[in-house]
Amino acid sequence: MTSDREQHPRRSVHADASAWGEMLAAAYRDIADRTMRDLPIFNEALSVEAIGFRAREGRVVGIMVTPWFMNVVISMRDGTSQSSPGTGSNLRLRFPAGEIEFTVSELAPVGSLASYSLFSPMFEFEDMASARATAEAVLAALMSPANRAASHGPDAPHISPIDRRHFLRRVLAERRA
């Protein structure tokens, strides 16, 4: 008998990615309720939400929105036997839009993850709809192969890390246009 993953690998990978994103969101909801709600960086207009979590090159990637930050987040489980970097170390990963340097951390019960900060604190967002729209636009831009030919050709220079300000300005300008 074959497993559901063997019969429907794409659906199962997506389900695993969504499940990991929801597990991450549940951990941050618990943190919000236990420790963050009374802090001055907590935006009451926002909630915790996992946005666009999907499988990418053996890992899960998406955007985590909380009332105190918005981060690109990646699972550290990648199905390889290589040991992952330790907590507090940096990890450079390549995306179609360029390389990003993530910071590795641990979060119970999720385990090891890597994060790249987009916004913190979150007071420039008036509501969850605007935070969600920004997260979706950032994720789409991050995964966009628009500059792939220019940055990955045989004569292309090594891809430099994404500059957060330039990246977000371009994404936000495109979203508002």
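At 19% relative accessibility, Arg56 counts as buried (buried is under 20% relative accessible area, exposed over 50%, partly exposed in between, with a 1.4 Å probe and protein chains only). Arg56 meets Glu57 in a salt bridge, 3.4 Å from N to O, and Glu57 is exposed at 65%. The model is predicted: local features need pLDDT of at least 70, side-chain atom pairs count only at pLDDT 80 or more, and totals for chains, interfaces and linings use all residues. Residues are numbered from 1 along each chain as its sequence is written, and side-chain values use heavy atoms, with hydrogens and water left out.

**Salt bridges**

- The structure holds 8 salt bridges, each defined as a side-chain nitrogen of Lys or Arg within 4 Å of a carboxyl oxygen of Asp or Glu.
- Side chains of opposite charge can pair when their charged atoms come close.
- Arg37 bridges to Asp33, with the closest N and O atoms 2.7 Å apart; Arg37 is partly exposed at 36%, whereas Asp33 is exposed at 55%.
- Glu101 and Arg92 form a salt bridge at 3.3 Å, N to O; Glu101 is partly exposed at 35%, and Arg92 is partly exposed at 41%.
- Through shared partners, salt bridges join Arg92, Arg94, Glu99 and Glu101 into one network.

- An open sheet is formed by 6 strands in the order β1-β2-β3-β6-β5-β4, with antiparallel pairing; two strands pair if DSSP finds at least two bridges between them.
- Helices (H or I, at least four residues) and strands (E, at least two) are DSSP runs, numbered from the N terminus.
- β1 (49–56) and β4 (90–95) are at the edges with a single partner strand each, so one side of each has no neighbour in the sheet.
- Neighbouring strands of the sheet are turned by 30° against each other on average, direction ignored.
- β1 pairs with β2 (residues 59–65) in the antiparallel sense over 6 bridges, and Ala55 stands opposite Val60 in β2.
- α3 packs on the sheet and touches β1, β2, β3 (70–75), β4, β5 (98–107) and β6, its direction making about 15° with that of β1.
- Axes are lines fitted to C-alpha atoms, for helices over the stretch in contact, and angles run from 0 to 180 degrees between N-to-C directions.

**Met122**

- Met122 lies in the loop between β6 (111–119) and α3 (128–143) and is buried, at 0% relative accessibility.
- Beyond its neighbours within four places in sequence, Met122 has contacts that include Asn43, Leu46, Trp68 and Ala131, contact meaning heavy atoms within 4.5 Å.
- Met122 and Ile41 are 81 residues apart in sequence and 7.6 Å apart in space, C-alpha to C-alpha.
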